[in-house]
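Okay, everyone, thanks for coming. I've got one structure today, and I'd like to walk you through the ligand site.

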Amino acid sequence: MNFDYTPDQRRWRDAAREFAEAEIFPVAARLDKEQKFPYEIVAKMCDLGFMGLTVPEEYGGTECDFVAYNLALEEISRADTSVGITMEAHVSLGCAPLLAYGTKEQKEHYLGEVIRGGEKLWAFGLTEENAGTDAGGTETTADLQNGEWLVNGEKKWITNSGTDITGGVTVIAKTGERENGKPELTAIIIEQDTPGFTRGPGYEKTGWRASDQRQLYFRDVRVPEKNTLGARGKGFRQFLSTLDAGRVAVGALSVGLAQACLDEALKRAKERRQFGRSISEFQAIQFKLADMAMEVELARNMVLKAAWLKDRGRPFGREASMAKVFASETAKRAADQAVQVWGGEGFMETSNVARYWRQVKINEIGEGTSEINRQIIARSLLSDEPATAAKQKMLAQ
Ligand SMILES: Cc1cc2nc3c(=O)[nH]c(=O)nc-3n(C[C@H](O)[C@H](O)[C@H](O)COP(=O)(O)OP(=O)(O)OC[C@H]3O[C@@H](n4cnc5c(N)ncnc54)[C@H](O)[C@@H]3O)c2cc1C
């Protein structure tokens, strides 16, 4: 056992912490209020290499291991989860499938020439009106005609899909039907300026208000067959595996937010006086702080254990689901207790904790709800199979 970070992991964590404290935390409340995408911050994060983490240098990235990426993401999210999800969706959902399943030419073109370490963002479009948890409900279709995919349909809530610096999206589309009557799903790369591909205006959200989510419309969109990502019909497996890693990262994002709640609770506990004493002297407040600190520590360890397994090429699906559920629920409890420590001031939008309380809920929903992750964990326990195999069976039913 070795709980020490490698020099590279420490370097990325420290660099992210320094940047987040100096450049993100001071403007996080304003970003949330104005609901404006943080172009300047994302450009600086690209220059510093955060938007290319885990992507090999030969494809324009700042190659690092998965642990280092999650450490950096935690620090960015501690300052602001809008910026955190922008980074996470780009690296884990945008770049990772291109890297894992792309041909050499696709990687050179999309990662190396279009994305270039985050100068352009890439999105991942799975969710639709009738395909949320149940991706088998995908209604977007892609028909192969004379060497081109003809894509028609709509996607919903797709992160990073409508910014001025979005390069494109990888969409999951129905390309046929399997022998067992289930849909054949295929991942298809669609660049932003492709004719017939348009985007909606964005949403009025409870949290992640400075991040970008759009409705996507595909009306007779034509892309060459070579835009297929991986083999035809492998889209289902690809997004399961993409979401496994994404769940670890949403866990890291949640740990960052939980830590931010603890930071604010500690600050207020020391500053606020009642009955002639600091409220930090009351055992009721001390126990809240102690519980928050214990859970944050445990959630962080779970995220890092799952990331460490992935770095070693070992199965990590069960641990990813565990880390995501526990970290997101830790963050929810931490936000609740942080507001409690702040009292009435915590109910005011002038406090950071009010914003954290609004922002925290989505972590239990995005990239697999807590319910579905609990099912994945339980199935893997009951069948004694690695979580990914159990999950494929479950979702195929
Ligand atoms: C801000 C935001 C950003 C997002 N970004 C992206 C993105 O970039 N790309 C993308 O593809 N998607 C994205 N999504 C979609 C997100 O992944 C989905 O919201 C999520 O997968 C859940 O789907 P749903 O919201 O349709 O919930 P539903 O599937 O309608 O679920 C509703 C409830 O039913 C429960 N439920 C459903 N099925 C079962 C079951 N079999 N057993 C038990 N309980 C069940 C769920 O757990 C949940 O509690 C985003 C969503 C939001 C809000």
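So, let's start with Thr127: an N or O atom in the Thr127 side chain is 2.6 Å from a nitrogen atom of the ligand. Keep in mind as we go that this is a predicted model. Thr133 also uses its side chain, with an N or O atom 2.6 Å from a ligand oxygen atom. With Phe124 we're looking at the backbone instead: one of its N or O atoms there lies 2.9 Å from a nitrogen atom of the ligand.

How much of the ligand does the protein cover? On its own the ligand has 980 Å² of accessible area, and the protein covers 64% of that. As for where we are, the ligand sits in the largest pocket.

Now the shell. There are 18 residues around the ligand, and the ones that come nearest are Thr127, Thr133, Thr369, Glu371 and Gln375. By class, you get 8 nonpolar, 8 polar and 2 charged residues.

Which elements give two or more residues to that shell? They're β1 (121-125), β3 (148-159) and α11 (370-383). And on the domain level, domain 2 (122-233) and domain 3 (236-396) each supply at least three shell residues.

Key. Residues are numbered from 1 along each chain as its sequence is written. This is a predicted model: local features need pLDDT of at least 70, side-chain atom pairs count only at pLDDT 80 or more; totals for chains, interfaces and linings use all residues. Side-chain values use heavy atoms; hydrogens and water are left out. A residue is near a molecule or strand if one of its heavy atoms lies within 4 Å of it. A polar contact is a pair of N or O atoms within 3.5 Å; within protein, one must be able to donate a hydrogen and the other to accept it, and residues adjacent in sequence count only if both atoms are side-chain atoms. Accessible areas come from the Shrake-Rupley method with a 1.4 Å probe; for residues, only the protein chains shown count as cover. On a 1 Å grid over the protein atoms alone, a cavity is a set of points where a 1.4 Å probe fits but cannot get out, and a pocket is an open set with protein on both sides within 12 Å along at least five of seven lines; lining residues have an atom within 4 Å of a point. A molecule sits in a cavity or pocket if more than half of its atoms lie within 2 Å of its grid points. Helices (H or I, at least four residues) and strands (E, at least two) are DSSP runs, numbered from the N terminus. Ala, Val, Leu, Ile, Met, Phe, Trp, Tyr, Cys and Pro count as nonpolar, Asp, Glu, Lys and Arg as charged, and the others, Gly among them, as polar. Domain bounds come from an automatic or database domain assignment.
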